[in-house]
Amino acid sequence: MALLTPFVALRSDELTVSVSELKVDFAARGPQLAYRKPRQGDRDHHGNLWVRMSESPVGRPVYASMHTSRQRRCMERLLCQVCGEPADRNEQGWLFLDWRRPDSPRTWPERSITSMPPLCVEHARVSVRQCPFLRRAEYAVLRVRKPQLYGVSGTLYQLADTGWHTSENDVLSPYSSPRLPGMLASRLHRQLRGVMVVDLP
């Protein structure tokens, strides 16, 4: 059976911007990471700077990585991560798949923080059959009444005499904490609240 390419999957010829396109911007609250040629939509409502990434429908799928803007779009609008259409929702909540991770809360899957968008019923079934992460991990099919926007993650840059330099990767920055001025966001996260473990429809 051929693998279905998820809408959020990165493709091999989709590239991020070069570090040379970043600069120091002196804002009212101090220096922050910025693009040399700013565009509308570079920052979200919380002021986080987002990775720019090209879009191409023809490259080879990189299943282990997600395209920044497509992942963000699905998480913001609660769209299916596989087809990009509205995810399934009933009286019990939105349909999510989640797996236990080393940093999962003791209450997992309640209050789990995820960067994986929800799914429609058809593609939840496909994901359970095809996703290698689900085959290797303890996972649950969930209905979530309150998938609350939680924060962003990405690469953290530190300001030095010669400009911004990469400090850490995959850093999580909750909206409840002060914004990190050196953050280049690449994923949007939701916290799953009001969770019910269910059978796959």
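Predicted model: local features only at pLDDT ≥ 70, side-chain atom pairs only at ≥ 80, totals over all residues.

Before anything else, I need a cut-off: a residue is buried if its relative accessible area is under 20%, and exposed if that is over 50%.

**Entry 1: threonine 114.** Is threonine 114 buried or exposed? I looked up its relative accessibility and got 2%, so threonine 114 counts as buried. It lies in strand β8, which covers residues 113–114. Next I checked what its side chain does: it reaches the backbone nitrogen of methionine 116 at 2.9 Å. Then I listed the contacts of threonine 114, not counting residues up to four places away in sequence. They are Met75, Phe96, Asp98, Arg101, Leu188, His189, Arg190 and Leu192.

**Entry 2: strand pairing.** I followed β9, residues 139–160, to see what it pairs with. Strand β7 (residues 93–99) pairs with β9 in the antiparallel sense, over six bridges. How many bridges join β9 to β11? I got 13, and β9 and β11 (residues 183–197) run antiparallel as well. Here I noted glycine 151, whose bridge partner in β11 is histidine 189. Histidine 189 was already in my contact list for threonine 114.

**Entry 3: nonpolar cores.** A reminder to myself: in soluble globular proteins, nonpolar side chains tend to be buried together. The largest nonpolar core here has 18 residues. Those with the most contacts inside this core are Cys80, Leu95, Leu97, Leu119, Leu134 and Val141. The largest share, three residues, comes from β7.

Leaving aside neighbours within four places in sequence, valine 141 is in contact with Leu95, Phe96, Leu97, Met196, Val197, Val198, Asp199 and Leu200. Another core, of 10 residues, lies apart from the largest one, and among its members are Trp94, Phe96, Ala140 and Leu142. In a regular strand, side chains alternate between the two faces of the sheet.

**Entry 4: rings.** How many aromatic pairs does a search of the whole structure find? I got zero. Charges over rings did turn up. The charged end of arginine 52 sits over the ring of tyrosine 35, at 3.8 Å from the ring centre. I also have arginine 72, whose charged end sits over the ring of tryptophan 50, 4.6 Å from its centre.

Technical notes
Residues numbered from 1 in each chain as written. Heavy atoms only, no water. Pairing = 2+ DSSP bridges. Helix = DSSP H or I, 4+ residues; strand = E, 2+ residues; numbered from the N terminus. Phe/Tyr/Trp six-rings, centres within 6.5 Å; stacked < 30°, edge-to-face > 60°. Lys NZ or Arg CZ within 6 Å of the ring centre and 35° of its normal. Core = buried A, V, L, I, M, F, W, Y, C linked by side-chain atoms within 4.5 Å. Buried < 20%, exposed > 50% of the residue type's maximum accessible area, 1.4 Å probe, protein only. Contact = heavy atoms within 4.5 Å. Polar contact = N/O pair within 3.5 Å; in protein donor to acceptor, adjacent residues only side chain to side chain.
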